[in-house]
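Hello,

Here is the model I promised to pass on.

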Amino acid sequence: MDDFLNRLILEQEELETKLNKLNAFNDSKKANDIDPIQKNLLIIQAGAMYTYNECLKYRINLLKGV
């Protein structure tokens, strides 16, 4: 179980790093220079990543008994 928990923790940390980078891009002036459809898709992607990140955090806490 420890290996599984450690894999979940690593996945969550990596996902959060990617999500933070995507959010920073979406909030930047560079995001205004891309195609509006692509910009909207990136916003949708960030929302999906956020939801998955929250699921991972919840699962980690359950496994830790928090």
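Below are my notes on the overall form, the surface and one residue.

First, the ground rules: this is a predicted model, where local features need pLDDT of at least 70, side-chain atom pairs count only at pLDDT 80 or more, and totals for chains, interfaces and linings use all residues. Numbering runs from 1 along each chain as its sequence is written, and side-chain values use heavy atoms, with hydrogens and water left out.

The protein has two helices and zero strands (DSSP runs, H or I of at least four residues for helices and E of at least two for strands, numbered from the N terminus). Its radius of gyration is 15 Å, well over the 11 Å that the globule rule gives for 66 residues, so the protein is more spread out than a compact globule. That radius is taken over C-alpha atoms, and the rule is 2.2 Å times the number of residues to the power 0.38. The C-alpha trace spans about 45 × 15 × 15 Å along its principal axes.

Of the 66 residues, 20% are buried (under 20% relative accessible area, with a 1.4 Å probe and protein chains only). Contacts (heavy atoms within 4.5 Å) between residues at least 6 apart in sequence join residues at least 24 apart in 72% of cases.

N26 counts as buried because its relative accessibility is 14%. Leaving aside residues up to four places away in sequence, N26 touches A31, L42, I43 and A46.

Best wishes

Methods: Buried < 20%, exposed > 50% of the residue type's maximum accessible area, 1.4 Å probe, protein only.
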